[in-house]
Structures are given as C-alpha cells and as structure tokens.
Amino acid sequence: MVPIITLTTDMGLDDAYVAAMKGVILGISPEARLIDICHTIRPQDIAQAAFFMGQACPYFPAGTIHLAMVDPGVGTDRRGIILKTKDAFFVAPDNGILSYVVKPKTDGRLPPGTEAVVLTRRKFWRKDVSATFHGRDIFAPVAAHLSLGRSISEFGETIDRIEVLKISRPRKTKGGLTGHIIHVDTYGNLITDIAAQDLPRTGTAFKININGRELTGLSRTYADTAGLLALIGSGGYLEIAEHNANAAATLRAKVGDKVNIIL
Amino acid sequence: MVPIITLTTDMGLDDAYVAAMKGVILGISPEARLIDICHTIRPQDIAQAAFFMGQACPYFPAGTIHLAMVDPGVGTDRRGIILKTKDAFFVAPDNGILSYVVKPKTDGRLPPGTEAVVLTRRKFWRKDVSATFHGRDIFAPVAAHLSLGRSISEFGETIDRIEVLKISRPRKTKGGLTGHIIHVDTYGNLITDIAAQDLPRTGTAFKININGRELTGLSRTYADTAGLLALIGSGGYLEIAEHNANAAATLRAKVGDKVNIIL
Amino acid sequence: MVPIITLTTDMGLDDAYVAAMKGVILGISPEARLIDICHTIRPQDIAQAAFFMGQACPYFPAGTIHLAMVDPGVGTDRRGIILKTKDAFFVAPDNGILSYVVKPKTDGRLPPGTEAVVLTRRKFWRKDVSATFHGRDIFAPVAAHLSLGRSISEFGETIDRIEVLKISRPRKTKGGLTGHIIHVDTYGNLITDIAAQDLPRTGTAFKININGRELTGLSRTYADTAGLLALIGSGGYLEIAEHNANAAATLRAKVGDKVNIIL
C-alpha cells in the first residue's frame, strides 16, 4: 500500500520551501504519494489552516498522513506532535492547528479513540536542525518515517492533551443567531461558522442579514436564484453566494463580518 | 499500467476543494497518478478551461483520464458525461468544456471514433451527494472508478450529442482577417484565435494591427527582434509577444481585443 | 527505483504550459515522480530560478533529475545541456541557471566530479520542435529519457564549460560588509546575499543597517524579539524578518536593496 502524505502550509507557491520538504520526505520514503492540500494559508494563520484541514482531510483514505505546517512558534519550546485517529495520522506543531480534524475538549484533552505523542526522538530528524525551518528538518522526516509503517510511540512520549483553538461559533440572540464569516473562497462565496444543524431545515423562511442586505430562506444550488442567495455549502456550513458572481465583492464582505439569522 | 488522471478546475489554489477531490479519487484508485493542468481558470469560465484542455491534453499518453470541473450549473439538470476518444477519456459536466479537445458538430453531434455516456449510475458516486460540489461527490469518484479499467457503458446511457461552445474564430474581412485575443499568458503574450493555417506562411510580409500598433510579418522566436513581434506560438495560434517584456502591458491588451490581419 | 523529476519554471500557475511538459514526460517515462519546485519565477529571471534551485535541490535524494526552464533565449542558438554531479542530474538551457547548484569557475569551467553534455541527439526530442517551447519539445523528453537510466553521453557531446551567472555577493567595506537583498519570501522575510560564514558568530553585537533602520546582532528564531530582527535563515543566509509580521512591508524593502553590516 502506497502511503499518502498531504501537506498544508503557509509557505506559499512563490518559494522553494515546500519543495525542500518534499525532497526530504522522498529521500526517506521514496514511494510516498505527496498531495498538496493548500500552501497559501495566510502567513501564521493557524485557524485558517485548521479549517481547511477540517474540510479536506476527511475525504482521504484511512491511514493518510497529514502534515500541517503553520508554525509561528518555530524554534521556541512549542511542541511537535503526532496525533493518530482511527482514520488518519497528523504531524504538526502543537498550536491548535488540529482543532477541526479532532475535537479536543476545551482543556485540550483528546477525544476517545485518539492517541498522541510529542516529538522528541532526534534520530528521526535531520542531523542539522535549523532554528527556523522545522517543517523541513523535523516534521517532514518524521512524516516520512511514519509512512514507512513505524508506530507513533517510537517518535516520543505519549501525551493526553494538545493545544486547542477557540473555534468560531455562532451565538444565540433574542430572535435567532449571530454568526461570522470564517472564509471567503475563490468564487467569493462567504462561508460562515453556522453549521447546517444550527439552522431550521431548508425551506423554512428565516431571514439572514449580512452587511445591510436581507436574504430569505435557503436555496439548494448556486443556480436557484439570480443574485444573492444562501445555502448549506459542501462543507456543511451556511454560505452566502451569488450565482455566477462574487458575493464577497457585491457585499464588500470579509472574514470576521457578522451574519445574523432571524428565526 | 498506472492510470493518469488530470484535473482542470476553476477552484483556485487558495482553497481545499481540489484536495478533497484528490482524496476521494485516491480512496477509490490508490495508484492513480494525479496531474494538475490548471486550477486558476477564471470562475465559471468554461471557454478558458476548454482552451487550456485543448492546449495540454494532447500531450498526455493514451488512456489518460482528464477530469474537468468548471461547473456553473452544478446541482441543476445539466448532465455529467464521460467522453471517450481514441486517445483519452474526459469526465466533465456537459456544458461545452470539451469543445476544443473533441470537435463536435455545431449541433453537438460527436465526431467519428468518439463515444459518450451520461452519468446516471449512482453506485459510482459518493453516498451523500451535495447540491453544490459534484466535482467531489460525482465526478471525482467516477474518474477514479474509470481509472480501475471499467467500461464507460457501466456509468450510464450512451448519448450521441454533447453541448458545444461557440468557439472564437477569426472573420474574413475585405483586406484580410479579424481575430481576437483569446488568452493572455503568464508572460503577457497575447494568444489569438487565428490559427497558423489561417495565415500565409512565415516570411510573408502581411500586416498585423492591434490596439493602434502595426506589426509586419512573422518572427520565428521571441528573441528575433527587440520590441513587439508576432509569431506562431507553441499551441499553433498567432501570438503577439515582446522579447523579455510583457506585450499585454505594452499594448494594454486583454482577452476579447481585436487583431486585424491585412494581407 | 522510481525516478524523481523536479520542475522549476517561470511558466506560472495560470497556464497549461507546465502540464503539457508533464504529459510529455509521462508519455515516455510513465513511472516518473514529478515534483514542482516553483513555477512562479519572475518571467525570464534566471538568477531567481538559480537561487531557488540552490535552496531546494540539495534536499532531494541522489539521482534526482532537476529540469529547469527559464529560457529567454528559446529558439536561438543558446545550448541545452545535461549536467551530472555526484548527487543529481540537471537538464536546462545553458544560460547560467545552474550557477548555484554547481559552482563553476568564473570562466564557466566545471568543478571536479561533474560532467556535462550539450543536447544534440534529436532522437530524444519530440518529432515536431516548436521555436518557442523547447521545455515541452526538447527538455521534457530529454529528462524523461534520462529517467529511464540512459547515460548522459547518449544525449550529445561532452562539454567542459557552461554559462555562469555573476552571483550577487557582499562587498567588504571599511567598517564591515555591504550586501543586498536577493529574495523576499512569502512571509516578507528579506533574504540577503550575506552567508553565515561571512559574519561573526551568533551573539556578536554587530550592527545591521537596512533602509534607515538599525538592528543589533543575530536572533536565533523568529519569535526571539517582537519587531524586526536578523537571523541566519534556513538557507544559510542572513535574513531580516519580523515576528508574525512582514519585514518587507515594514521596511518597504525589495530585491536589490542594500544591507550594511558594521562590525
């Protein structure tokens, strides 16, 4: 079975950093399949990387190794970890980047069925570890060795808590809910933190207020209406979109803007 | 033989959508080779995707599966299709995106040597099909199952017509031809809809007018002249370029601008 | 052993050019592993491509084939070459693009342990060679045939000199050194041409002047100080950075700007 290693980073597409990591991986695990999730995470934006991994990782086959490198604390005493779930392995700095793919308790305790270790065994690292690029010198070689079938316990000591992000969630209001835009996608669709299960069913005529505009109820597809519409997007969240147009431009909307639901 | 699956989408490089599709494919066809053609097609720009596929697909080995996802009609009753030619398979929404790689008649009838089916067999789809991301939920799994060697007839009923784009073509004028810029590439080279065979041979001193500038005859390489020049580009079309410079910036030219040939 | 072929080009991510090259390679060498180093090299910027290859290629396993296509002289009489070192193969136009990965003498003589040939054997090229896209028609098929285990001598005649770039290097001044910014990375970190070995050791309190600002000494990590700092980056060069911020924006700095070291 060919091991798959995915990569999610803020290293961009205009540098050779990601390639150096891939070279290191292939030197250790020549058969590894390398799949890019995204490399244009906003610099140091752990929350965006965490959200993207939550959107993509569940679609990969069991046993996939997900390497996540948004690492503002590189070179400090923040820990590196491997987290194992029933579906996948995650290799990442312990900075909250795994908060969507596993759901730790608010105190960081791991959910049942998951195990984690802290990266301490230097024999799986590159010999010369720079202070500024642990992605290349620690995490890439660890992911590569892991893809050869090693047990996670070989890489360091077991831990039972990890860092956890405060995930954006809607708040109940007198008449409904107030959520936020958490992502503006390539099409200008506005993805909110309001999950499908936070809302009445499709068809119910609740109102949605965003940046001074009011929408009524949910559409099923982008082509249901001309103009602005709301629907449950493919990631399971309420999404404001515009058929063959860019809702973010139309609404001058950005990450963090409020979305009010009036039930 | 390792199956190759290429991907052409408008999903961008700043989202996790393409990665979700790749995860789905690898879950079904773990050995598939995934090659990106382009993911920065302008949103909903079927014509641009069709042109790019016409430029890249012919260079892939026989049997390659080309998955094309620019899909403004997602969730509506537009069809999904597999098209088989003697060289390749194409999996795509039936919206004209295959108009350069095959040359359907203007009424959509398929050329000899090609076969097509409409995607109706749900057993090759993901169990939960979202209304907004058929790339992940229908087309990716279909391409993956196809890469395992299944016959296209297993995926749905045979059809003999597909949607066809009105492809941009030059028009004859009194003194020559009027074409259009159909693509501005990374270098600022202006690719037109005027094919090599529409023109007299290299060396003939016809005139080319574009945005108020006149060029004479064809060069062979970008380095033939300092300044603006015209040549037959690597895709077989008349191209306006500037040596070590950006012709689009120099000429303030964009897709749709006219190019006049005076013979 | 699966052969790895890396690609470094200025062809961008918004065109189908790179995909056409990959299709050609896979048609000849179906098992080749294709890894992108970077495709957003500034158009025709040979020095940037050379620097990026110097940063990434050493991390790939022995025997990797590095294909480099920044080729402003395409179609002219500039040569194509294969260069073999003890670690890797390089397939590229002979225009200085290999100046960081090997260190030719200033007259272009190759260092000991390296061999090179000029590409002349047309049987390894595509049958129809365009005048404007040798990446697809000459270099891609050559790299693919090379990955099948052929000896470099099959591709053309041995040469003992190659083109060499004048690599940016700091100059000694009365009180220290004057270097230059040679790269601004995705994070806004300013990479200079001042190598670690050009400087006193970490901890020594020399001064660094850049765009009117003065920094003192070297930090170890990006998180060592709030605000601007200097450190030796993961590529071995002096780097000006700002913790969780963009030093290039703060300093309005760009490639070519001077960096003064006062010892």
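In chain A, strands β6(A) and β7(A) pair in the antiparallel sense, and two bridges connect them. Within this pairing, A:Val117 stands opposite A:Thr158 in β7(A). The structure described here is a predicted model. Both strands belong to an open sheet of seven strands in chain A, with the order β2-β1-β3-β5-β4-β6-β7 and mixed pairing. At the edges of this sheet stand β2 (33-38) and β7 of chain A; each has a single partner strand, so one side of each is left without a neighbour in the sheet. In general terms, strands of a sheet pair through backbone hydrogen bonds, in either a parallel or an antiparallel sense.

A helix from another chain lies across part of this region. Helix α1 (residues 17-28) of chain B lies across β1 (4-9) and β2 of chain A, and it runs at about 150 degrees to β2(A).

The strands of chain B were examined next. Strand β4 (residues 80-84) of chain B has four of its five residues buried, so this strand is largely enclosed by the rest of the structure. Strand β5 (residues 88-93) of chain B runs antiparallel to β4(B) and is joined to it by five bridges. In this pairing B:Leu83 stands opposite B:Phe90 in β5(B), and a hairpin of three residues connects β4(B) to β5(B). Strand β4(B) is also joined by four bridges to strand β6 (residues 115-118) of chain B, again in an antiparallel arrangement. Here B:Ile81 stands opposite B:Val118 in β6(B).

Further along chain B, strand β10 (residues 190-195) is mostly covered, with six of its six residues buried. Strand β10(B) pairs in the antiparallel sense with strand β9 (residues 176-184) of chain B over three bridges, and B:Ile181 stands opposite B:Thr192 in β10(B). These two strands, β9(B) and β10(B), form a hairpin with five residues between them. In the turn of this hairpin, B:Gly188 has a positive phi of about 85 degrees. Strand β10(B) also pairs with strand β14 (residues 237-242) of chain B, in the antiparallel sense and over three bridges. In that pairing B:Ile191 stands opposite B:Glu239 in β14(B).

Aromatic side chains were then considered. Over all chains, the structure holds 15 aromatic pairs. One of them joins A:Phe124 and A:Phe155, whose ring centres are 4.4 Å apart and whose planes lie at 40 degrees, so the pair is tilted. This pair links distant parts of the chain, 31 residues apart: A:Phe124 lies in the loop between β6 (115-118) and α3 (134-147) of chain A, and A:Phe155 in the loop between α3 and β7 (158-159) of chain A.

B:Phe51 lies in helix α2 (residues 46-56) of chain B, and B:Tyr237 in strand β14 of chain B, so the pair ties together parts that are 186 residues apart in sequence. B:Phe51 is buried, with a relative accessible area of 5%. B:Tyr237 also counts as buried, at 19% relative accessibility, because the limit for a buried residue is under 20% relative accessible area. In chain A, ring pairs link A:Phe51, A:Phe52, A:Tyr100 and A:Tyr237 into a cluster.

Helix packing is illustrated by chain C. Helix α1 (residues 17-28) and helix α3 (residues 134-147) of chain C pack at an angle of about 35 degrees, and their axes are 8 Å apart. The crossing of α1(C) and α3(C) is right-handed. Residues of α1(C) in this contact include C:Ala20, C:Met21 and C:Val24, and those of α3(C) include C:Ala140, C:Pro141 and C:Ala144.

Finally, the chains were compared as copies. Chain B can be laid on chain A with an RMSD of 0.0 Å by a turn of 120 degrees and a shift of 0.0 Å along the axis. The two copies are therefore related as by a three-fold rotation axis. Chain A is likewise superposed on chain C by a rotation of 120 degrees with 0.0 Å of shift along its axis, at an RMSD of 0.0 Å. Only 6% of the interface residues of chain B are also interface residues in chain A, so these copies meet through different surfaces.

How values were computed: Residues are numbered from 1 along each chain as its sequence is written. Chains are lettered from A and ligands numbered from 1 in the order in which they are written. This is a predicted model: local features need pLDDT of at least 70, side-chain atom pairs count only at pLDDT 80 or more; totals for chains, interfaces and linings use all residues. Side-chain values use heavy atoms; hydrogens and water are left out. Buried means under 20% relative accessible area, exposed over 50%, partly exposed in between (1.4 Å probe, protein chains only). Two strands pair if DSSP finds at least two bridges between them. Copies are superposed by least squares on the C-alpha atoms of residues with pLDDT of at least 70 in both. Contact means heavy atoms within 4.5 Å. Rings of Phe, Tyr and Trp (its six-membered ring) pair if their centres lie within 6.5 Å; planes under 30 degrees apart count as stacked, over 60 as edge-to-face and the rest as tilted. Axes are lines fitted to C-alpha atoms, for helices over the stretch in contact, and angles run from 0 to 180 degrees between N-to-C directions. A crossing is left-handed if the near helix is turned anticlockwise from the far one by less than a right angle, and right-handed if clockwise.
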